[in-house]
Each structure stands twice: as structure tokens, then as C-alpha cells.
Number of protein chains: 2
Amino acid sequence: MNKNDIKILLVDDEPDILEIVGYNLKNEGYEVFTAENGLEAIKAAKKHLPHLILLDIMMPEMDGIEACEKIRKIKTLENVIIAFLTARGEDYSQVAGFEAGADDYITKPIKPKVLVSKIKSLLRRLKSESAAEEDNLKIGDIMIDRDEYVIYKSNKKIELPRKEFELFSLLTSKPGKVFKREAILDTVWGNEVVVGGRTIDVHIRKLREKIGDDYFKTVKGVGYKFVLKGQDK
Amino acid sequence: MNKNDIKILLVDDEPDILEIVGYNLKNEGYEVFTAENGLEAIKAAKKHLPHLILLDIMMPEMDGIEACEKIRKIKTLENVIIAFLTARGEDYSQVAGFEAGADDYITKPIKPKVLVSKIKSLLRRLKSESAAEEDNLKIGDIMIDRDEYVIYKSNKKIELPRKEFELFSLLTSKPGKVFKREAILDTVWGNEVVVGGRTIDVHIRKLREKIGDDYFKTVKGVGYKFVLKGQDK
DNA sequence: TAAGGACTTAACAATTTCTTAATCGAATTT
DNA sequence: AAATTCGATTAAGAAATTGTTAAGTCCTTA
């Protein structure tokens, strides 16, 4: 991911902090948004879909903990990284904060250099998390073994070639969700690769052949989605 | 839910595993119970009502599969999450009873960090299952699911073709507001596309057919608006 | 280097979606 | 009341999109 594409939402009730920290982050090339309280933060987060949110704990209107909990429930933000800004020595808040779903803590006073390096490492986690998930997953009567590149459908082993596996993997990562053709190409083939218009269809065909027609639903003009039998109503 | 209130039942016949994994989980703040075989597991599960059960597959007395099936039948435990512990590379098709009702699989050797993050995500599922349906737009008895490209009217699923969905989506984005024909064309069709004068009407017709006449009100000389039943006066 | 699998492409069939055109009806204006 | 305007309705067919098959290329492996 390009650094310029990384969006950071900075939330603090002290304008001075917003300005100083914001300046430093912009200087590093990040796109920075700000908010002065929890309510604003949630609005801004929904609007800008940042990758990272730096959240002050003590704020008027809605404090950081509460804001964090609310944000964690927003689906479009499920992968956002949230770090709390706390005054040194506020031990109790750490407990509450981790429960609320925070990924990290940064203690005030904030040293710009420390902050930037911390952010870099947090964002590294963002990448590795999406790349990882190299684990097993069970959906209905289908199990996916990402280590072995194999899936099991009611105890029957089905081996899939790489592209098919990745396509299947993508679709099942969010059963029910429609993946747009464009998004599928981006994820499975990579943004640079250009393949013909029928390539996806052919792979879907193979999956339908091997796993079952009913699991893969076409949404014309949009893309495909994976549905579990009987859940399509 | 407070982290300290979360109970995990760990079942494995190797004391080493119980100790190491148990230690890590306790360290994370979970309340941990252990059992060395399926029989003990069932007893312990009934007694402690854990939120999550980590179940080794290969065990003496009663293996994990059988235990899982039995546990699934216990009413007081109907919401428990069960994850199997399996050796890496194990052929799951040989693991009879793959459909015993496990929610997930975790492969050995178990890396504490992976395990903990996995558990967090499993428990997140626990929460989200009860508080789901967060992000979707609800208007009266109609729900719009943009992820799945479907709408639900009093829980009945209605699938709409793309243009209809987009038109519907636009109108419902501000119930009561009149959208001018021109504006509709701009949004749904795009400014460049030129279509005949009756195209919008036809699409409105389809929506009325599928969703109900009363929801779509014509404002002659201007455009259309979406209204909830009985609210257009 | 022959065989086989994975992946892509191309051609055409099948299907769904969208638009058009024609006609009707209601409301409004002349 | 006649004429006009605007929307409603319908069915047909145009256009867009996907399905399917077969063949070709590339790469790996025996």
C-alpha cells in the first residue's frame, strides 16, 4: 500500500494536539483527518474509512473507550486499527481499553518520532493480518484448509488448483457478500494483471462443477457470492 | 462481556499441552478449565458452562468427535463455540464426523499468539451473532443489504436487478425527498448516457410491482419519491 | 521430450436486463 | 369540450452480461 493512500483519523479534544501531531503525520505523507470528540470521530470514521484511528481517552461528549466500542461494531471499519492516546500512568484505562477493542496504546506526552515509528509498526500489522489468516475455516459443511490448499466437503476431500482455491477462499471469506468482478480480479489476479472477460466465469464454472452449483450465486452486472444451501431463501 | 468472565474449557490428553496452552490463556485473562478426555470434558462442560471449548481430536476414553456430538446435544450448552485441535496435515476426510458440529479448527503445533488471536475472533463471533444486522439500512419494514445486493421486505428476500437496485437505493436514501428525473438519470444512469424518456417510468413500474405500489409516489412534472405507507400525507 | 495440469482465450449459446415504442389514461390548459 | 401534456402500462426486441465448451499456451514433471 502506498503511504499516501494511508488515512489516519486523529481524535483529541485539545486543538494543540491535533495541530502538532497532525502536522507531523502529514509531514510523513499520511492523509490525516481530525475530530474533537467521540461523536465526531464516529462520523468521520464512517465517512473517511481510515486505516488507523488515534483516539484520546479523555474527551467531552463521548470518551475514547465508548467511541472505540461503537467503531468496533461498524462493519465497514472492521479492520481498522485503533490506538489510544493516554496520559502516562493511567493504568486502569488500559484494561478497559483492551476490552473495548483497542490494538495499542500510545502515552502522552507524544514524541513525534516515537509516534511515527509506532504507527509504522501498527500499519505493518495491517498488512500482515490481511495476508495471514493462514488458518482453517469451517463454513457449513465445507472446511477450508489453507495450509494444504484443500477443502473438505462433508468429509470428502476436494483439491483445488491455486486460482480456484483463491477465488473460493475469497468468496467464502464473507459468505453472502457479493464480490464485484473488479474486486475479484484485484484480489485473485492482482491489479496489474489483465485477463480476458470470461476468465472469472470459467473459474466459477469449475468451482460449481467441483463443489456444487448452488453455492455460487451470480449477481448479474455485479459479481458473485457464496451462499450456503438453504440460506438463500 | 468482560474478558475475565470468559470461560474456556481446554481438553487434551497430553498434560503438557494443557499446561502450556492453559498458561497462555490464563495469562490473557481467561478463566480456564481443563479435562483429559471426552468424558471428563462433558462433565466439566456441564458444570462450568464455558463459552468456548478447545477439543483435541485424538484422545482415549472418548475422542473429540464423539464428545463434540454429545456436547452439541446439551441444551444448556447450545451456544458454546467448539474448536478442534488437530495435527497439521491431517486428512480431515479421515477424521470421521467432520460434521460433528465444530465451529473451527486449530492446527497443532499450537502457537500461543495464533491461538489467542483465533480465540478473540471466535469470541467476537459470539458477540456479533447476537448484535448482528448493524450496518444495513432499515426503513420501516424494508431492509437494504448493500453487501448482498438484496433487500428484505418484512423479512422476505427480494432480489433486484442492478438498475432497479440502484434506483431503489437512491430513492430510499432520503425517504420523502422528491428526486427529479434529471437527478435520477444523473445518478443511476450517469450523465453521459442518454436514454429515452420512458425508461425511468418502466423501472419505477418494476419496483412498484416487486415492492408495492404505495411506496413510490409520482410527483408530476418533477420526479418520484419513496414514502413509507401512511406517511405521505 | 512427452504427458498432464493449470490457466487463459475465443467463440457462440443462453439468459437476463434494459430500452424502446406504441397505446392508453388522467390531469391540465386552452 | 377539445387539445395538450405528462405519466402508466405493456410487450417486444436490443443490448448487456454470463454460461459453456473446446482449444491453445505455458509450465512442471516423469
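A residue is near a molecule or strand if one of its heavy atoms lies within 4 Å of it. The model is predicted, so local features need pLDDT of at least 70 and side-chain atom pairs count only at pLDDT 80 or more, while totals for chains, interfaces and linings use all residues. Residues are numbered from 1 along each chain as its sequence is written, chains are lettered from A in the order in which they are written, and side-chain values use heavy atoms, without hydrogens or water.

Among the atoms of DNA strand C within 4 Å of the protein, 77% belong to sugar or phosphate, and the rest to bases. As for polar contacts (pairs of N or O atoms within 3.5 Å), A:K220 places a polar side-chain atom 2.8 Å from a base oxygen of DNA strand C. A polar side-chain atom of B:T199 is 3.3 Å from a phosphate oxygen of DNA strand C.

Phosphate oxygens of DNA strand D lie 3.3 Å from a backbone N or O atom of A:G221 and 3.1 Å from a polar side-chain atom of B:R205.

Methods
A polar contact is a pair of N or O atoms within 3.5 Å; within protein, one must be able to donate a hydrogen and the other to accept it, and residues adjacent in sequence count only if both atoms are side-chain atoms.
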